[in-house]
Amino acid sequence: MNESPNTLVEYGSVIDAHQMVEPPDTTELELEPGHPGEHDAEYIARRKELFALTRKHRLEKLGPPFVTYTPEETRIWREVSPKLDELHRKYACEIYLRAKDDLAITQIEIPQLRTLSERLESETNMHLVPAEGALPYRTFYEYIAQRGFPVTQFIRHGSHPEFTPEPDMIHDCLGHVPPLMNQDYAELLTLIGKAAAATPHGDQVLALKRFSWFSIEFGLIEERGETKVFGAGILSSTGEIPHALFSPNATRRPFVTETVISTDYDPSQMQKDFFIAPSLPFLRRELESLVRRFNIPVL
Ligand SMILES: [Fe+2]
(Lines give C-alpha, C1' and ligand atoms only; values in the text may rest on other atoms or scores of the structure.)
Protein backbone atom coordinates (compact mmCIF):
# COMPACT_ATOMS: atom_id res chain seq x y z
CA MET A 1 0.00 0.00 0.00
CA ASN A 2 1.08 3.54 -0.70
CA GLU A 3 0.08 5.25 2.53
CA SER A 4 2.75 6.34 4.98
CA PRO A 5 2.95 4.14 8.09
CA ASN A 6 1.03 6.51 10.41
CA THR A 7 -1.86 7.50 8.19
CA LEU A 8 -4.18 5.25 6.24
CA VAL A 9 -7.12 5.86 3.94
CA GLU A 10 -10.36 4.20 4.91
CA TYR A 11 -13.85 4.92 3.54
CA GLY A 12 -12.29 7.71 1.47
CA SER A 13 -10.82 9.59 4.47
CA VAL A 14 -7.38 9.73 6.03
CA ILE A 15 -7.32 7.97 9.41
CA ASP A 16 -4.69 7.56 12.11
CA ALA A 17 -3.17 4.06 11.84
CA HIS A 18 -3.27 3.89 15.61
CA GLN A 19 -7.07 3.81 15.48
CA MET A 20 -6.91 0.40 13.80
CA VAL A 21 -5.00 -1.18 16.68
CA GLU A 22 -6.53 0.74 19.61
CA PRO A 23 -10.20 1.09 18.76
CA PRO A 24 -12.54 3.42 20.68
CA ASP A 25 -15.30 1.93 22.85
CA THR A 26 -18.92 3.05 22.43
CA THR A 27 -20.69 2.93 25.78
CA GLU A 28 -24.10 4.29 24.75
CA LEU A 29 -26.51 3.66 21.91
CA GLU A 30 -25.85 5.94 18.95
CA LEU A 31 -28.10 5.94 15.89
CA GLU A 32 -26.46 7.59 12.94
CA PRO A 33 -28.17 10.65 11.41
CA GLY A 34 -30.84 9.56 8.95
CA HIS A 35 -31.42 6.22 10.72
CA PRO A 36 -35.03 5.16 9.98
CA GLY A 37 -35.73 4.89 13.74
CA GLU A 38 -34.13 8.15 14.87
CA HIS A 39 -37.48 9.90 15.64
CA ASP A 40 -39.32 6.86 17.02
CA ALA A 41 -39.20 7.07 20.83
CA GLU A 42 -40.53 3.54 21.34
CA TYR A 43 -37.92 2.08 18.98
CA ILE A 44 -35.12 4.02 20.67
CA ALA A 45 -36.25 2.86 24.12
CA ARG A 46 -36.25 -0.75 22.95
CA ARG A 47 -32.82 -0.36 21.35
CA LYS A 48 -31.44 1.15 24.58
CA GLU A 49 -32.85 -1.74 26.59
CA LEU A 50 -31.25 -4.33 24.28
CA PHE A 51 -28.01 -2.30 24.13
CA ALA A 52 -27.63 -2.43 27.91
CA LEU A 53 -28.61 -6.10 28.17
CA THR A 54 -26.34 -7.39 25.41
CA ARG A 55 -23.39 -5.17 26.41
CA LYS A 56 -23.59 -6.53 29.95
CA HIS A 57 -23.74 -10.11 28.65
CA ARG A 58 -20.77 -9.45 26.38
CA LEU A 59 -18.56 -7.77 28.98
CA GLU A 60 -19.43 -10.28 31.69
CA LYS A 61 -19.03 -13.22 29.29
CA LEU A 62 -22.53 -14.51 30.01
CA GLY A 63 -23.34 -15.70 26.46
CA PRO A 64 -26.38 -14.49 24.49
CA PRO A 65 -29.37 -13.63 26.73
CA PHE A 66 -32.81 -15.06 25.94
CA VAL A 67 -34.85 -12.24 24.43
CA THR A 68 -38.64 -12.07 24.28
CA TYR A 69 -39.33 -10.41 20.94
CA THR A 70 -42.24 -8.01 20.47
CA PRO A 71 -45.02 -8.62 17.90
CA GLU A 72 -43.56 -5.79 15.76
CA GLU A 73 -40.07 -7.36 15.77
CA THR A 74 -41.57 -10.74 14.85
CA ARG A 75 -43.59 -9.10 12.08
CA ILE A 76 -40.42 -7.67 10.53
CA TRP A 77 -38.69 -11.05 10.72
CA ARG A 78 -41.68 -12.76 9.07
CA GLU A 79 -41.71 -10.19 6.31
CA VAL A 80 -38.01 -10.23 5.45
CA SER A 81 -36.87 -13.82 5.98
CA PRO A 82 -39.12 -15.52 3.35
CA LYS A 83 -38.03 -12.96 0.72
CA LEU A 84 -34.40 -13.62 1.52
CA ASP A 85 -34.94 -17.37 1.51
CA GLU A 86 -36.35 -17.30 -2.00
CA LEU A 87 -33.23 -15.48 -3.22
CA HIS A 88 -30.91 -17.77 -1.22
CA ARG A 89 -32.32 -20.89 -2.89
CA LYS A 90 -31.38 -19.45 -6.29
CA TYR A 91 -28.19 -17.54 -5.65
CA ALA A 92 -26.44 -18.53 -2.37
CA CYS A 93 -23.37 -20.77 -2.34
CA GLU A 94 -23.67 -24.38 -1.22
CA ILE A 95 -21.84 -23.95 2.09
CA TYR A 96 -24.43 -21.43 3.11
CA LEU A 97 -27.50 -23.32 1.93
CA ARG A 98 -26.49 -26.58 3.57
CA ALA A 99 -25.76 -24.84 6.86
CA LYS A 100 -28.97 -22.85 6.80
CA ASP A 101 -30.95 -26.08 6.41
CA ASP A 102 -28.94 -27.81 9.15
CA LEU A 103 -29.55 -24.97 11.59
CA ALA A 104 -33.29 -25.02 10.79
CA ILE A 105 -33.66 -21.27 11.17
CA THR A 106 -37.41 -20.69 10.89
CA GLN A 107 -39.15 -17.91 8.99
CA ILE A 108 -41.84 -17.78 11.69
CA GLU A 109 -39.98 -17.08 14.93
CA ILE A 110 -36.82 -15.09 15.53
CA PRO A 111 -34.21 -17.62 16.63
CA GLN A 112 -32.66 -17.48 20.08
CA LEU A 113 -28.93 -16.90 19.72
CA ARG A 114 -28.21 -19.02 22.76
CA THR A 115 -29.66 -22.07 21.00
CA LEU A 116 -27.77 -21.35 17.77
CA SER A 117 -24.57 -20.81 19.74
CA GLU A 118 -24.86 -24.21 21.44
CA ARG A 119 -25.37 -25.89 18.09
CA LEU A 120 -22.34 -24.16 16.54
CA GLU A 121 -20.23 -25.06 19.52
CA SER A 122 -20.92 -28.75 19.04
CA GLU A 123 -20.35 -28.61 15.25
CA THR A 124 -17.29 -26.39 14.74
CA ASN A 125 -16.31 -25.19 18.21
CA MET A 126 -17.47 -21.66 17.36
CA HIS A 127 -19.82 -19.74 19.66
CA LEU A 128 -21.84 -16.54 19.48
CA VAL A 129 -20.99 -13.45 21.54
CA PRO A 130 -23.85 -11.00 22.21
CA ALA A 131 -22.99 -7.56 20.80
CA GLU A 132 -24.77 -4.28 21.51
CA GLY A 133 -24.02 -3.04 17.98
CA ALA A 134 -21.25 -3.04 15.41
CA LEU A 135 -18.02 -3.44 17.39
CA PRO A 136 -14.80 -1.74 16.28
CA TYR A 137 -12.98 -3.99 13.84
CA ARG A 138 -10.11 -4.97 16.10
CA THR A 139 -12.42 -5.72 19.06
CA PHE A 140 -14.62 -7.77 16.74
CA TYR A 141 -11.69 -9.84 15.53
CA GLU A 142 -10.29 -10.32 19.02
CA TYR A 143 -13.47 -12.27 19.79
CA ILE A 144 -13.20 -14.21 16.56
CA ALA A 145 -9.60 -15.16 17.39
CA GLN A 146 -11.15 -16.85 20.45
CA ARG A 147 -13.72 -18.58 18.18
CA GLY A 148 -16.54 -16.27 19.28
CA PHE A 149 -18.61 -14.49 16.64
CA PRO A 150 -20.17 -11.20 17.86
CA VAL A 151 -23.86 -10.95 16.88
CA THR A 152 -26.51 -8.32 17.48
CA GLN A 153 -29.88 -9.13 19.05
CA PHE A 154 -31.94 -6.16 17.87
CA ILE A 155 -34.01 -5.78 14.71
CA ARG A 156 -34.04 -2.96 12.14
CA HIS A 157 -36.78 -0.33 12.13
CA GLY A 158 -40.17 -1.47 10.80
CA SER A 159 -40.58 1.44 8.38
CA HIS A 160 -37.88 -0.01 6.11
CA PRO A 161 -37.85 -3.78 6.66
CA GLU A 162 -35.54 -4.34 3.72
CA PHE A 163 -32.93 -1.83 4.77
CA THR A 164 -30.63 -1.40 7.75
CA PRO A 165 -27.79 1.08 8.02
CA GLU A 166 -26.07 -1.10 10.66
CA PRO A 167 -25.71 -4.84 11.23
CA ASP A 168 -28.84 -6.20 12.95
CA MET A 169 -30.16 -9.66 13.77
CA ILE A 170 -31.37 -10.28 10.24
CA HIS A 171 -27.90 -9.49 8.89
CA ASP A 172 -26.16 -11.55 11.55
CA CYS A 173 -28.50 -14.54 11.81
CA LEU A 174 -29.29 -14.90 8.12
CA GLY A 175 -25.91 -13.75 6.82
CA HIS A 176 -23.11 -14.62 9.21
CA VAL A 177 -24.31 -17.43 11.45
CA PRO A 178 -25.09 -20.27 8.97
CA PRO A 179 -21.62 -20.63 7.41
CA LEU A 180 -20.09 -20.87 10.90
CA MET A 181 -21.39 -24.48 10.75
CA ASN A 182 -18.72 -25.22 8.12
CA GLN A 183 -15.33 -26.22 9.53
CA ASP A 184 -13.26 -24.73 6.68
CA TYR A 185 -15.13 -21.46 6.92
CA ALA A 186 -14.70 -21.40 10.69
CA GLU A 187 -10.94 -21.91 10.31
CA LEU A 188 -10.63 -19.18 7.66
CA LEU A 189 -12.47 -16.74 9.87
CA THR A 190 -10.54 -17.64 13.02
CA LEU A 191 -7.25 -17.13 11.18
CA ILE A 192 -8.28 -13.63 10.07
CA GLY A 193 -9.22 -12.97 13.69
CA LYS A 194 -5.95 -14.25 15.12
CA ALA A 195 -3.89 -12.25 12.61
CA ALA A 196 -5.88 -9.02 13.06
CA ALA A 197 -5.76 -9.34 16.85
CA ALA A 198 -2.02 -10.10 16.93
CA THR A 199 -0.45 -7.55 14.59
CA PRO A 200 0.74 -4.25 16.07
CA HIS A 201 0.58 -2.57 12.62
CA GLY A 202 -2.46 -0.51 11.63
CA ASP A 203 -1.86 -0.96 7.90
CA GLN A 204 -1.89 -4.75 8.34
CA VAL A 205 -5.14 -4.59 10.31
CA LEU A 206 -6.65 -2.54 7.50
CA ALA A 207 -5.43 -5.04 4.88
CA LEU A 208 -6.99 -7.93 6.83
CA LYS A 209 -10.18 -5.92 7.24
CA ARG A 210 -10.39 -5.45 3.48
CA PHE A 211 -9.58 -9.13 2.90
CA SER A 212 -12.56 -10.08 5.07
CA TRP A 213 -14.81 -7.35 3.68
CA PHE A 214 -14.36 -8.62 0.12
CA SER A 215 -14.77 -12.28 1.12
CA ILE A 216 -16.67 -12.93 4.39
CA GLU A 217 -18.79 -9.79 4.11
CA PHE A 218 -19.23 -9.02 0.38
CA GLY A 219 -17.56 -11.91 -1.45
CA LEU A 220 -18.77 -13.91 -4.42
CA ILE A 221 -17.59 -17.47 -5.07
CA GLU A 222 -17.30 -19.73 -8.09
CA GLU A 223 -19.24 -23.00 -8.00
CA ARG A 224 -19.29 -25.35 -10.98
CA GLY A 225 -18.87 -22.55 -13.46
CA GLU A 226 -21.44 -20.31 -11.80
CA THR A 227 -20.94 -17.23 -9.62
CA LYS A 228 -22.71 -17.63 -6.26
CA VAL A 229 -23.17 -15.36 -3.28
CA PHE A 230 -20.81 -16.00 -0.37
CA GLY A 231 -20.68 -12.81 1.75
CA ALA A 232 -23.02 -12.14 4.67
CA GLY A 233 -23.65 -8.52 3.69
CA ILE A 234 -25.03 -9.66 0.35
CA LEU A 235 -26.90 -12.69 1.73
CA SER A 236 -28.81 -10.57 4.25
CA SER A 237 -30.09 -7.99 1.77
CA THR A 238 -32.79 -8.48 -0.87
CA GLY A 239 -31.30 -5.52 -2.72
CA GLU A 240 -27.64 -6.55 -2.60
CA ILE A 241 -28.15 -10.10 -3.94
CA PRO A 242 -29.33 -9.09 -7.44
CA HIS A 243 -27.10 -6.01 -7.35
CA ALA A 244 -23.96 -8.04 -6.59
CA LEU A 245 -24.65 -10.60 -9.29
CA PHE A 246 -26.20 -8.59 -12.09
CA SER A 247 -25.97 -4.81 -11.70
CA PRO A 248 -24.18 -2.96 -14.52
CA ASN A 249 -23.13 -0.43 -11.85
CA ALA A 250 -20.89 -2.94 -10.10
CA THR A 251 -17.66 -4.64 -11.17
CA ARG A 252 -17.01 -8.37 -10.62
CA ARG A 253 -13.35 -9.31 -10.77
CA PRO A 254 -11.35 -12.40 -9.83
CA PHE A 255 -10.18 -12.29 -6.19
CA VAL A 256 -6.56 -11.12 -6.36
CA THR A 257 -5.29 -10.52 -2.83
CA GLU A 258 -2.99 -7.65 -3.73
CA THR A 259 -5.86 -5.78 -5.41
CA VAL A 260 -8.33 -6.63 -2.64
CA ILE A 261 -6.14 -5.32 0.18
CA SER A 262 -5.58 -2.02 -1.58
CA THR A 263 -9.24 -1.43 -2.52
CA ASP A 264 -11.17 1.01 -0.32
CA TYR A 265 -14.95 0.69 0.07
CA ASP A 266 -17.92 2.61 1.44
CA PRO A 267 -19.99 0.53 3.88
CA SER A 268 -22.92 2.98 3.78
CA GLN A 269 -23.67 2.50 0.05
CA MET A 270 -24.56 -0.36 -2.25
CA GLN A 271 -21.19 -1.93 -3.07
CA LYS A 272 -19.55 -1.22 -6.41
CA ASP A 273 -16.61 -3.64 -6.30
CA PHE A 274 -17.04 -7.38 -5.98
CA PHE A 275 -14.38 -10.07 -6.10
CA ILE A 276 -15.03 -13.68 -7.07
CA ALA A 277 -13.03 -16.29 -5.17
CA PRO A 278 -12.51 -19.60 -6.99
CA SER A 279 -13.06 -21.60 -3.78
CA LEU A 280 -12.88 -21.61 0.01
CA PRO A 281 -9.48 -23.43 0.05
CA PHE A 282 -8.18 -20.71 -2.30
CA LEU A 283 -9.13 -18.03 0.22
CA ARG A 284 -7.44 -20.00 2.98
CA ARG A 285 -4.19 -20.31 0.98
CA GLU A 286 -4.23 -16.63 0.06
CA LEU A 287 -4.81 -15.64 3.67
CA GLU A 288 -2.02 -17.88 4.92
CA SER A 289 0.47 -16.40 2.48
CA LEU A 290 -0.61 -12.87 3.42
CA VAL A 291 -0.15 -13.63 7.11
CA ARG A 292 3.27 -15.10 6.38
CA ARG A 293 4.25 -12.09 4.28
CA PHE A 294 3.17 -9.79 7.14
CA ASN A 295 5.24 -11.89 9.59
CA ILE A 296 2.33 -12.28 11.99
CA PRO A 297 3.22 -15.31 14.14
CA VAL A 298 -0.17 -17.06 14.25
CA LEU A 299 0.28 -19.98 11.83
FE1 LIG B 1 -21.35 -8.31 8.73
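This is a predicted model: local features need pLDDT of at least 70, side-chain atom pairs count only at pLDDT 80 or more; totals for chains, interfaces and linings use all residues.
View 1. Residues are numbered from 1 along each chain as its sequence is written. His88 sits in helix H3, residues 71-91; helices (H or I, at least four residues) and strands (E, at least two) are DSSP runs, numbered from the N terminus. With 20 other C-beta atoms within 10 Å, His88 is buried. The burial scale works like this: 20 or more other C-beta atoms within 10 Å of a residue's own is buried, 12 or fewer is exposed, and in between is partly exposed, with C-beta atoms placed from the backbone. Leu174 is 86 residues away from His88 along the chain, yet their C-alpha atoms are separated by 9.9 Å.

**View 2. Pro36 in the loop between H1 and H2.** Pro36 belongs to the loop that links helix H1 (17-21) and helix H2 (41-59). Pro36 counts as partly exposed, having 17 other C-beta atoms within 10 Å. Beyond its neighbours within four places in sequence, Pro36 is in contact with His157, Ser159 and His160. Asp102 is another story: Pro36 and Asp102 are 66 residues apart along the chain, and 34 Å separates their C-alpha atoms.

**View 3. Strand S3, covered on both faces.** How many residues of strand S3 (residues 127-131) are buried? The count is 5 of its 5, so the strand is mostly covered. On one side sit His127, Val129 and Ala131, on the other Leu128 and Pro130, and all of these are buried. S3 runs parallel to S4, and 5 bridges join the two; strands pair if DSSP finds at least two bridges between them. Look for His127 opposite Gly148 in S4.

**View 4. Two residues with positive phi.** Arg147 has a phi near 65 degrees, a positive value in a residue other than glycine. Its place is the loop between helix H6 (137-145) and strand S4 (148-152). Arg147 is buried, with 20 other C-beta atoms within 10 Å. Asn295, also not a glycine, has a positive phi near 60 degrees. Asn295 lies in the segment after H13, and with 9 C-beta neighbours inside 10 Å it counts as exposed.

**View 5. Helix H6 crossing helix H8.** H6 and H8 pack at about 125 degrees, with their axes 7 Å apart. Here axes are lines fitted to C-alpha atoms, for helices over the stretch in contact, and angles run from 0 to 180 degrees between N-to-C directions. The two helices are therefore oblique to each other; angles under 35 degrees count as roughly parallel, over 145 as roughly antiparallel, 65 to 115 as roughly perpendicular, and the rest as oblique. The crossing of H6 and H8 is left-handed, as the term applies when the near helix is turned anticlockwise from the far one by less than a right angle, with clockwise being right-handed. From H6, Arg138, Tyr141, Glu142, Ile144 and Ala145 meet Leu189, Thr190, Ile192, Gly193, Lys194, Ala196 and Ala197 of H8. Sorted by class, that contact holds 7 nonpolar, 2 polar and 3 charged residues; Ala, Val, Leu, Ile, Met, Phe, Trp, Tyr, Cys and Pro count as nonpolar, Asp, Glu, Lys and Arg as charged, and the others, Gly among them, as polar.

**View 6. Helix H8 alongside helix H13.** H8 (residues 183-198) packs against H13 (residues 280-293) at an angle of about 20 degrees, their axes 10 Å apart. That makes the pair roughly parallel, and their crossing is left-handed. H8 brings Asp184, Tyr185, Leu188, Leu191, Ile192 and Ala195 to the contact, while H13 brings Leu280, Leu283, Arg284, Leu287 and Val291. By class this gives 9 nonpolar, no polar and 2 charged residues.

**View 7. An open four-stranded sheet.** The 4 strands of this open sheet follow the order S6-S5-S8-S7, with mixed pairing. Strands S6 (226-229) and S7 (251-254) are at the edges with a single partner strand each, so one side of each has no neighbour in the sheet. On average, neighbouring strands here are turned by 35 degrees against each other, direction ignored. Strands S5 (residues 220-223) and S8 (residues 273-277) run parallel, joined by 2 bridges, and Ile221 stands opposite Ala277 in S8.

Terms used. Two residues are in contact if their C-beta atoms, placed from the backbone, lie within 7 Å.
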